[in-house]
Amino acid sequence: MASKLYTFPPLGRVSQVPSELIFFSVVLEPVDHNAEKPWEICLWHSSDEQPWEEMVLAAVPRTESPAFLQPDSSSPTRIVYGGTLPMLLSLRFTIKYRSSPTEPWTWARDELGIDDGLVIMNAKDQCLLTDDLSDIIHKLNPELKVRSVPSQTPRTQLWTIEAAAAPSENDISSYTDLELGIPWGGFVRYLALVRHSTAWLGPRHGRTHFSLDKDALLCSFLSPKGKHLVLLGISGINNVITLIRSSSNGSVMIHLRSDESTGSTGTLLAAVGDDCESAIAAAMYHARALISFSTHEMRVEEPLTPDSQLTPQWAEEWYDGLGYCTWNALGQRLTEDKLLNAIDCLKENNINISNMIIDDNWQDVDYEGPDSNSFGWKRFEADPEAFPNGLRHTISQVRNKLPSIKHVAVWHALLGYWGGISPHGDIAKRYQTVQVHREGWKVNGPMTVISDRDVWKFYNDFYEFLVECGIDGVKTDGQFMLDTWASAQIRRELTKTYLSAWRAASLRHFYTRTISCMSQAPQILFRQQLSNKTQEIPVRNSDDYFPDVPESHPWHIWANAHNTLFTQHLNVLPDWDMFQTSHKSAGYHAAARCISGGPIYITDVPGQHDLELINQMTGLTIHGNTVIIRPSVVGKTTDAYTGYDEDALLKVGCYHGRAEGTPMLGVFNTRPHILTEIISLGIFPGVVPPTKYILRSHTSGKVSRVLDSKSQAACLGVTLEVGGYDIFTAYPVTQFDSETNGSISTASLGLIGKMTGAAAIEENHFEFRPEGRVLSVTRLKALGTLGLYISNLPNMSIERDFMVTMYGRSIPVHTVTKDKNDDHVLLIDVQKAWLSMGLTPGWGNEFEVNVYFDAEHC
């Protein structure tokens, strides 16, 4: 029978569609000797729990089939069937098939082990629900104070839910658990972002029974009617943390921890929307308002850095440069010699990093205790044995050896080091300290920290020392340690002081050149990262990159993609962590970092570099700086409710540009076997009907036919091996009607060969001129090879029909070619042209490429 069968909407999963008419697409991959047989495909379906019916699907012409953009050598025989079916609210379906009318039917569930699919209507014109939350959360606890409040997000509803929290007693926090109720009285899927560990968030998924293994910060529940209920626990108000738990019977529980010495209140927000993201947005916007109202503004002094000076047109941030971190690269015993050797290797390989991060193990610590979690920090100056000439000398050497380095940051823990402050060191003599007790971490027991009185002075003095040494950034780790303190009074008195003092000092001395790490404890997320009163900074978005743990790689990308559903609403830039370019999974991680829209920094062992991979992530500006090609909107999962253990590709969507920009989709196989999936153009973020698009695969370079975003048949077929990945970009198409050649479709593809090369485009437009010529204007922020899609290009001559200019001068004709992967794509090597023409930049850091071609060519 059939080797493989794939459907859209997919079997075994829940899909939402915006229309009452669904187009079902089935792709059949028969074994070779069955490819020519008269296959029959039937859709079995039940609408709104009515009796099951069947619909025979018809063969679909190639022009309406999903676009498979993998290399031809790996493409099996595919037969595509389709059909349109009306629905009301929901529809369950499965597939049966046979190779000829004389053969028995085979059911997808029996042969392929795939459960029924569920399609739920998500019509935007449906009326919103009642204002009574008890109609949404069944068996709503009457002890809770529920209030409907205005929402800042269109087509959403919002409620605050307050629960009484008992006071702490004898310096021990109080804990309260209250039942909330059952969302929707029953749901079809849920997503939870839980405290995966003390320091990090992580996703959990489920179907119709709510069951969590860890406390959740946020949960979203999909109703059988296509609405989404989001619950968000608020922390940081009145020293109360509000989290979500599950009961044994599957209902939602509210879990409160209070450090207040008097009775207080915990707050949960409930938001309902047409989709998960709008409901999350409604809850987050209101959370920001609550936090802003309940807390005093953080004391922030003016930055000492000259970042307020005028900058060129494209405002390059420090994290737009390629970074290098020492952590996995140089081992646990960092020395000046190791660091300088790494710099020499980068220079020898022409890897022009902009940012150097000197990670853990440069500090002078006391080495008292079983491991680094017990070590205390002794003094500001670096370890005298590892850095015998002092930190200033090392930084001077680093900058002299590799002038491309603009910024050097050093690592430190929020409390100094993993074990706090050494009670016998110079720091303990200069600043007042206090002993606290910690628990729930790798090491329990006492630790010494700076007292409330001296925290502000401590950070300012330390950062002044770093600035004097030539340091202009920090990576501040271990921030969750504030939540490991056992004393309710200590947490109550010191948490706000530490968070405010550190943020103010880092802003004053380093502006945005700060990375916040291990800081996903609830009170830090809400008190420090939610406010939009300051500039955003990179914040680590999940647990670490572990190069030597194979099973960690797919989970790392999965967790980051789901965590961003929440962290995109914080005043942060989600940071998906460093990685190694020579690793077996290097391309997998590189694609994830590019699609994330966050910073990119590598941690290569000296001399072990994949230069081609680095080139796919970066570009050279006209001023000679190496920058990452970073999309303007951060990447996140496009499918909130599909679980890690389900056979589905992870799809991470991002977007670059303004109203009519460029959608991008990173696709990753996180499963231990090959996967194929049919993906709708509609899930690309920022696709706007009735715009037409072409899709391009980064890995193969192949381009799809022009796709109509209004059509449900506009789909992409993707097959990925274990550990496989690809990035697909949806380029908006501009169409012209020529007298001689009919309709011509065009699109600017950005920099070809870059994973997210469309993000190099700052502006692009096409003009159809009266004389029958077309002008393409593309403004770029990096050099490389510019691609233009032109539907009639196979019939055109570069020498006869094209002229390309930069700075008003024609570029050499040998720098313009047709793409070998797809002859509809014109390649313009603007980097080679720039060098051969001897061009020099002006004040700005963008440049313009003008392409003229004859639309009336014969």
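A: Start with strand S28, residues 445-450, which is mostly covered: 5 of its 6 residues are buried. Buried means under 20% relative accessible area, exposed means over 50%, and partly exposed lies in between, with a 1.4 Å probe and protein chains only. Strands are DSSP runs of E with at least two residues, helices are runs of H or I with at least four, and both are numbered from the N terminus.

A word on the source. This is a predicted model: local features need pLDDT of at least 70, side-chain atom pairs count only at pLDDT 80 or more, and totals for chains, interfaces and linings use all residues. Residues are numbered from 1 along each chain as its sequence is written, and side-chain values use heavy atoms, leaving out hydrogens and water.

Now the partner of S28. Strand S27, residues 433-438, runs antiparallel to S28, and 6 bridges join them. Two strands pair if DSSP finds at least two bridges between them. Strands of a sheet pair through backbone hydrogen bonds, either parallel or antiparallel. Thr433 has Ile450 in S28 as its bridge partner. The hairpin of S27 and S28 has 6 residues between the strands. Gly440 in this hairpin takes a positive phi near 80 degrees.

Contact here means heavy atoms within 4.5 Å. Phe458 sits in helix H7, residues 455-468. Phe458 is buried, with a relative accessible area of 1%. Trp377 lies 81 residues from Phe458 along the chain, and their C-alpha atoms are separated by 13 Å.

Step back to the whole chain. Buried residues make up 61% of its 858 residues. Of the contacts with a separation of 6 or more, 73% are between residues 24 or more positions apart. The chain has 14 helices and 53 strands. Its radius of gyration is 29 Å, close to the 29 Å that the globule rule gives for 858 residues, so the chain is as compact as a globular protein of that length. That radius is taken over C-alpha atoms, and the globule rule is 2.2 Å times the number of residues to the power 0.38. The C-alpha trace spans about 85 × 75 × 50 Å along its principal axes.
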